[in-house]
Amino acid sequence: MITISIVIILAYPFLQSCPPAEAIKSSNSDLDPLFNYRQSPNFKNSPKCTTFPISSIATKICNPPLVHISMTLDTKFLRGSVAAIHSILQHSHCPENLFFHFISSSDTINLEPHLGKIFPLLSFKIYYFNPGIVQNKISSSIRQTLEHPLNYARNYLAELLEPCVERVIYLDSDIVLVDDISNLWKASLGLSTVGSPQYCHANFTNYFTPKFWSHKKFFRAFHGRKPCYFNTGVMVIDLIKWRKYRYTKKLERWMKIQRVHRIYELGSLPPFLLVFAGKIAPIDQRWNQHGLGGDNLSGSCRNIHAGPVSLLHWSGGGKPWLRLDSGNSCPLDELWARYDLHG
């Protein structure tokens, strides 16, 4: 965990250059710039970490001391995913005790060999998410990117991951960590199923349409709760409780209602708010300094809030890799660039 200010951003140790990454020499990367990445340094466990016997991926997944992390994976956001993984490994005291569960909806491009070349020591598995599962449940959103079926894969982690995986950290692809992810893993959920930083100062009514708030059968969903906004790009999830209380079905129910009544316009977020807002375990806000993407149409840049920072999140219209490539970057994009392994 660090304290960071935009004015003195270059003074912090985590911003120093990473160990030099080696170029990956392969016919694939030579031919296709999409897969032109440098190889990450091999990050090793510190002496105090639990060690595992060499085993197959299928066996290793069920080792209790593992920290389980899930992210979606596709070619459009691959550069962001690689930077996120790199940052997680670099700041972890026990990087070999991390297991990544990647969710992909592509049945034409196999990203496994490319990830294996970038991160030779990474323990991971790629799960196929069939877009047809949600294709008829998704309605139009204010941004077309919010309608991509892969945005809804987080709804199905309990079904996709092995039953022995009892807890998982879900992360969006446009984040970087500057803290040890095991500190987030240890967050207490109490009786809650989901833990996430929440923001009770946000105007909660804005996340739903006037039709939602004008019909008691809809807004009474929050009866007995004090709902606050939380960002679903960073969540700690108790999969045991999720499976027990069948939360996937509850999310799907609201998606079906949305198709008929248009009660929200923000993609996969509102169903999570309807099911969990007011019932989540609040996690320190340093674990999701979100909104750094700002609005890439107007060119707005966002700063982070004062205080400690553990995770930076470029949610919003602008992605750091696109702004950097265009030569129109925001100050905090330079921080993201220190974890970029592309080309």
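In which sense do β5 and β6 pair, and over how many bridges? The two strands pair in the parallel sense, over five bridges. They belong to a predicted model of a protein with 343 residues, whose secondary structure comes to 14 helices and 15 strands.

**Overall make-up**

- Of the residues of the protein, 54% count as buried.
- The accessible surface comes to about 15900 Å², and carbon and sulfur atoms account for 53% of that area.
- Among contacts between residues at least 6 apart in sequence, 74% join residues at least 24 apart.

**The sheet**

- An open sheet is formed by seven strands with mixed pairing, and their order is β6-β5-β4-β7-β12-β9-β13.
- Its edge strands are β6 (124-128) and β13 (281-282), each of which pairs on one side only.
- Strands of a sheet pair through backbone hydrogen bonds, in either a parallel or an antiparallel sense.

**The disulfides**

- The structure holds four disulfides. With bonded cysteines counted along the chain, they follow the pattern 1-3, 2-4, 5-6, 7-8.
- A disulfide is a covalent bond between the sulfur atoms of two cysteines.
- Cys49 and Cys94 are joined with an S to S distance of 2.0 Å. The torsion about their S-S bond is about -90 degrees, so this disulfide is left-handed. Because Cys49 lies in the loop between β3 (38-39) and α2 (57-60) and Cys94 in the loop between α3 and β5, the pair ties together parts that are 45 residues apart in sequence.
- Within that pair, Cys49 is buried, with a relative accessible area of 8%, whereas Cys94 counts as partly exposed at 22% relative accessibility.
- Cys62 and Cys164 form another disulfide, with S to S 2.1 Å. Their link is left-handed, with -75 degrees about the S-S bond. The pair links distant parts of the chain, 102 residues apart: Cys62 is in the loop between α2 and β4, and Cys164 is in the loop between α6 (157-160) and β7.
- Cys62 is partly exposed at 39% relative accessible area, and Cys164 is partly exposed at 29%.
- The sulfur atoms of Cys200 and Cys228 are 2.0 Å apart in a further disulfide. This link is right-handed, with 100 degrees about the S-S bond. Cys200 sits in the loop between β10 (198-199) and α8, and Cys228 in the loop between α9 and β11 (229-230), 28 residues apart. Cys228 counts as buried at 10% relative accessibility.

**A loop residue**

- His215 lies in the loop between α8 (210-214) and α9 (216-219).
- The relative accessible area of His215 is 33%, so this residue is partly exposed.
- His215 and Ile263 are 48 residues apart along the chain, and their C-alpha atoms are separated by 9.9 Å.

Methods
Residues are numbered from 1 along each chain as its sequence is written. This is a predicted model: local features need pLDDT of at least 70, side-chain atom pairs count only at pLDDT 80 or more; totals for chains, interfaces and linings use all residues. Side-chain values use heavy atoms; hydrogens and water are left out. Two strands pair if DSSP finds at least two bridges between them. Helices (H or I, at least four residues) and strands (E, at least two) are DSSP runs, numbered from the N terminus. Buried means under 20% relative accessible area, exposed over 50%, partly exposed in between (1.4 Å probe, protein chains only). Contact means heavy atoms within 4.5 Å. Accessible areas come from the Shrake-Rupley method with a 1.4 Å probe; for residues, only the protein chains shown count as cover. A disulfide is a pair of cysteine sulfur atoms within 2.5 Å.
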